[in-house]
Amino acid sequence: SCGCAGCEGCGARAERAALLMVLTLENHAARSVVVELSAVLRESVAGRAATRGELRHSIVLGGHSSRDVRLPLNATDVPLWWPHNAGGLGPSLLNATVQARIGGALSHSEEFRVGVRTAEAYIDNRTGGRAFRVNGQKIFLLGGNWITPDLLLRYSADRTRYCDEVRLHQRAGINLLRVWGGGVSERNPFYECASEMGLFVYQEFWMSGDNNGRWAGSYSWPLDEAAYFANAQDTVRRLRRFAALLFWGGGNELFPRRLSPPVALEEIVHREDPGRFYIASSMDGGIKGGNMSEHDDEYALAPRDGPYTMLMPLSFAQRNPGLHANLTISFQPEVGFTSAPSYRGLLRFMSATEAEQIPERGADSACRAGSATSPVWAFHNYLSWSTANGSGPGQIYDHVYAYGQPANASEWAAAAALASFAQFQALVEGYQAHLF
């Protein structure tokens, strides 16, 4: 693990950088050994490798023992890692080689890429909540939630797929991916791709208010805490070296502080990844959320998340689109709306006859606007594409039918794709209008 504790310089490079190398050494032999450690950081310049920092250190390791080692590594004239949209700067990476020798013989060697940067979480006076500085500069975070795109984990170690999907987010202008607490921690190639492409990662542990007590389940979950905390420690040790990793989250929508998440999670982060920001929950604001008096910036990112319905385009020009204006939200952990597959996608889980029984204009999420809609749509969790556009009867704006009356399911799916695109465009442009 390498982290930049302090960098002198601002811009593309730093004159000096104080790094920390964290290793866990294990000796499976019965006798004590002297471990000779070496680490070298190199930058590729015009096809040649230029050394930017190195260290050598010897340590005695007892028989059948393990030991955590933290060693300072001073680097000079290093390129700084920046997110991909930082005004012409970008995600520069160094090649790291770490080796352990015993009696002059190579015992272990590992090569990987690291980024040199600083990151600081703070409360911004203008936005009234959590924000971040990177390399001393304010960074506007525009993110997306990452929720295990392959639910069957068939391609869970496929680097090409990871990079392709991360690249889609990069090209959309996103510079942060939230790995949601209801999902899993991804394999290393995901974090490698994010680091190479200049996207931050907000990594949550595996807890959610949906099943860890707030709304369902139990505050006592997980029942096997020892196994859970062992996995948390292993995950922190595995991911802490990636430049993309911006901060840790205890879980999704956890509340209240005294019950969730376990304090041990924060202790693990502070012990295994010192200096990296940790926030216990994505959202508090009382059991239901939305209560400013029950929001604590030191516990959660926001008092409320969402909404998750279609909004009128001008709504996204507001500070908190679709939410009460009295809420102070600086870092919105999640917001979204409905979407639909392509026509070919529809036919993968319903028949052509069922697909042609499309939702009528203004249909709600139970497809109750018209009896002609197939119940299969509601069974597959159809969500309404309509927005109340006034308080009078019939004042409903259907974002799909705004493109005209679809003649069939194929036209409905095409119009839904356009409506979804328009929502995303309005959302991104609306949030960017509030750049500090």
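These notebook entries record what I looked up in the structure.

**Entry 1. Overall picture**

I noted at the outset that this is a predicted model. I then looked up the extent of the chain: its C-alpha trace spans about 80 × 50 × 45 Å along the principal axes. The secondary structure comes to eight helices and 21 strands. Of the 436 residues in the chain, 47% are buried. Among contacts between residues at least 6 apart, 64% join residues at least 24 apart.

**Entry 2. Helix H3**

I turned to helix H3, which runs over residues 225-239 and has 15 residues. From its first C-alpha to its last it reaches 21 Å, close to the 21 Å expected at 1.5 Å a residue. Which residues of H3 are buried? I found Tyr228, Phe229, Ala232, Thr235, Val236 and Leu239. These residues lie on the same side of H3, because they cover an arc of only 120 degrees around the axis. I next asked what covers the buried residues of H3. The cover includes helix H2 (188-197), strand S15 (200-204), strand S16 (245-249) and helix H4 (263-272).

**Entry 3. Aromatic pairs**

I searched the whole structure for aromatic pairs, and the search gave 21. One of them is formed by Tyr202 and Phe247, which are stacked at 4.3 Å centre to centre with 20 degrees between the planes. This pair links distant parts of the chain, for Tyr202 is in strand S15 and Phe247 in strand S16, 45 residues apart. Both Tyr202 and Phe247 are buried.

I also examined Phe337 and Phe424, an edge-to-face pair at 4.7 Å centre to centre with 65 degrees between the planes. Here too the partners come from distant parts of the chain, 87 residues apart. Phe337 is in the loop between strand S19 (300-302) and helix H5 (343-346), and Phe424 is in helix H8 (residues 409-432). Phe337 counts as buried because its relative accessible area is 14%, whereas Phe424 is partly exposed at 47%.

I returned to Tyr202 and Phe247 and found that they belong to one aromatic cluster with Phe132, Phe277 and Phe331. A further ring, that of Tyr122, has the charged end of Arg133 sitting over it, 3.8 Å from its centre.

**Entry 4. Ser420 in helix H8**

I looked up Ser420, whose place is in helix H8. Ser420 is buried, with a relative accessible area of 11%. Not counting residues up to four places away in sequence, Ser420 touches Phe337, Thr338, Ser339 and Trp385.

**Entry 5. The disulfide**

How many disulfides does the structure hold? I found one. The disulfide joins Cys163 to Cys193, with the sulfur atoms 2.0 Å apart. Cys163 lies in helix H1 (residues 159-171) and Cys193 in helix H2, so the pair ties together parts that are 30 residues apart in sequence. The torsion about the S-S bond of Cys163 and Cys193 is about -70 degrees, and the disulfide is therefore left-handed. Cys163 is buried at 9% relative accessible area, and Cys193 is buried at 0%.

**Entry 6. Leu71 in strand S5**

I placed Leu71 in strand S5 (residues 65-79). Is Leu71 buried or exposed? At 7% relative accessibility, I recorded Leu71 as buried. Beyond its neighbours within four places in sequence, Leu71 is in contact with Leu19, Leu20, Met21, Leu37, Leu55 and His57.

**Entry 7. Backbone**

I began with a general point: most residues other than glycine have a negative phi, and most peptide bonds are trans. I then looked up departures from this pattern.

The peptide bond from Phe255 to Pro256 is cis, with omega near -5 degrees. A cis peptide bond also joins Ser260 and Pro261, where omega is about -5 degrees. Pro256 is in the loop between S16 and H4, and Pro261 lies in the loop between S16 and H4 as well.

Ala46 has a positive phi, near 55 degrees. Ala46 is found in the loop between strand S3 (33-45) and strand S4 (48-61), and counts as exposed at 80% relative accessibility. Asn135 has a positive phi too, near 50 degrees. Asn135 lies in the loop between strand S11 (129-134) and strand S12 (137-139), and is buried, with a relative accessible area of 8%.

Notes. Residues are numbered from 1 along each chain as its sequence is written. This is a predicted model: local features need pLDDT of at least 70, side-chain atom pairs count only at pLDDT 80 or more; totals for chains, interfaces and linings use all residues. Side-chain values use heavy atoms; hydrogens and water are left out. Helices (H or I, at least four residues) and strands (E, at least two) are DSSP runs, numbered from the N terminus. The expected span of a helix is 1.5 Å times one less than its number of residues. Buried means under 20% relative accessible area, exposed over 50%, partly exposed in between (1.4 Å probe, protein chains only). The arc is that of the directions from the helix axis to the C-beta atoms. Contact means heavy atoms within 4.5 Å. Rings of Phe, Tyr and Trp (its six-membered ring) pair if their centres lie within 6.5 Å; planes under 30 degrees apart count as stacked, over 60 as edge-to-face and the rest as tilted. A charge sits over a ring if NZ of Lys or CZ of Arg is within 6 Å of the ring centre and within 35 degrees of the ring normal. A disulfide is a pair of cysteine sulfur atoms within 2.5 Å.
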